[in-house]
Amino acid sequence: MFNALIVNKDDEGKTSAQVEQIGLDDLPTGDVTVAVEYSTVNYKDGLCIGPGGGLVRNYPHVPGIDFAGTVEASDDDRYKPGDKVVLTGWRVGEAHWGGYAQKARVRADWLVPLPGGLDTRQAMAVGTAGFTAMLAVMALEDHGIKKGPVLVTGAAGGVGSVATAILANLGHEVAGVTGRPETADYLKSLGASQIVARAEINETTKRPLEGETWGGCVDAVGGAMLARVLGQMEYGASVAAVGLAGGAALPATVIPFLLRGVNLLGIDSVMQPYENRLRAWERIARDLPMDKLEAMVQPATLSDLPRLGADILKGQVKGRVVVDVNA
Ligand code: NDP
């Protein structure tokens, strides 16, 4: 028997989450059984743990959209017991039981061998948020990062923190947008050279185009902030749209696309093919300084998850929460 965070839904639709003991026979089918070492808390996990269940497809449910650990048993030639692996995406933790348990059983296709240079804890300090930040940086690179600073919105959150550290390490000037002025020193320690107050960018304007200010943007916030940022981009610059922490509606005009050639690049981490996942993890191992990654981490255990799930939905988590499922 082993520990898992089980989310249940009662007849009135009310969800509850607690740590319970389950057995291997309770796990869903899959080719590979993994002894999970670490998982994390992402925005989606907050939705899956929280009231109403958000994205959960079946109950009882084990959330946790990512994990890293050691293969315990495998019916697939690509993996053998003892291999270190990492998983993000593929609706694990939503439609299939995820990483908030000491064991997980998944399809071999969903896994990636742990890239050289990272241990399982570091891989989860990166986790889905950091993996997505890397995909966003790679998308900006593919389209060309221009002269001006690269703007990162939701900078003190998970995606924002990792994007800031990677971009700064690659030599870009980074401007971090945050609604929490107390995180300014933290963001500067990750490499941001400019801190922009959230309220400044959230102010509405009737002007569809403003000064050409940003050479690129990783946007974790969406909504009104993304709409405003589009009109502040340099000619031909790109915005990698990652998230919707500030809302799903996009009150924008087509003018930045027509008159400034701005590119809006959608980033999806869930359905990335194996080769892309491998490439992104290799870039993470190369381009993300491990001391900066460590500065983002706050440790947690399975029993902390209901509280942390609620915190991340309120935008109150700084950096990355790493869950030691064996603690
Ligand atoms: P976090 O909660 O860690 O970070 C989000 C940050 O956005 C907060 O820390 C806060 O930053 C800012 N923020 C929160 N609420 C608001 C608001 N109302 N208005 C403006 N800013 C706000 O989440 P993650 O970084 O893990 O994820 C960010 C987004 O990216 C989420 O929407 C998530 O679902 C999405 N995502 C998408 C993925 C994909 O594949 N496309 C993968 C992973 C995440 P600050 O305090 O600095 O202002």
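The entries below record what I looked up.

**Basis.** I worked from a predicted model, in which local features need pLDDT of at least 70 and side-chain atom pairs count only at pLDDT 80 or more, while totals for chains, interfaces and linings use all residues. I numbered residues from 1 along each chain as its sequence is written, and side-chain values use heavy atoms, with hydrogens and water left out.

**Domains.** I noted that the protein chain is divided into domain 1 (2–114 + 294–324) and domain 2 (128–266); such bounds come from an automatic or database domain assignment. The centres of the two domains, taken over C-alpha atoms, are 29 Å apart. Domain 1 gives 13 residues to the contact and domain 2 gives 15 residues, contact meaning heavy atoms within 4.5 Å.

**Interface.** I read a buried area of about 1,000 Å² between domain 1 and domain 2, 60% of it on carbon and sulfur atoms. Buried area is the accessible area (1.4 Å probe) that two parts lose on being put together, summed over both. On the domain 1 side, Thr88, Met296 and Lys318 lose the most area to domain 2, together 43% of what that side buries.

**Ligand.** I listed 25 residues around the ligand, of which Thr178, Gly179, Arg180, Ile267 and Ser269 come nearest; a residue counts if one of its heavy atoms lies within 4 Å. A polar side-chain atom of Arg198 lies 2.8 Å from a ligand oxygen atom. For Gly158, a backbone N or O atom is 2.9 Å from an oxygen atom of the ligand.

Methods. A polar contact is a pair of N or O atoms within 3.5 Å; within protein, one must be able to donate a hydrogen and the other to accept it, and residues adjacent in sequence count only if both atoms are side-chain atoms.
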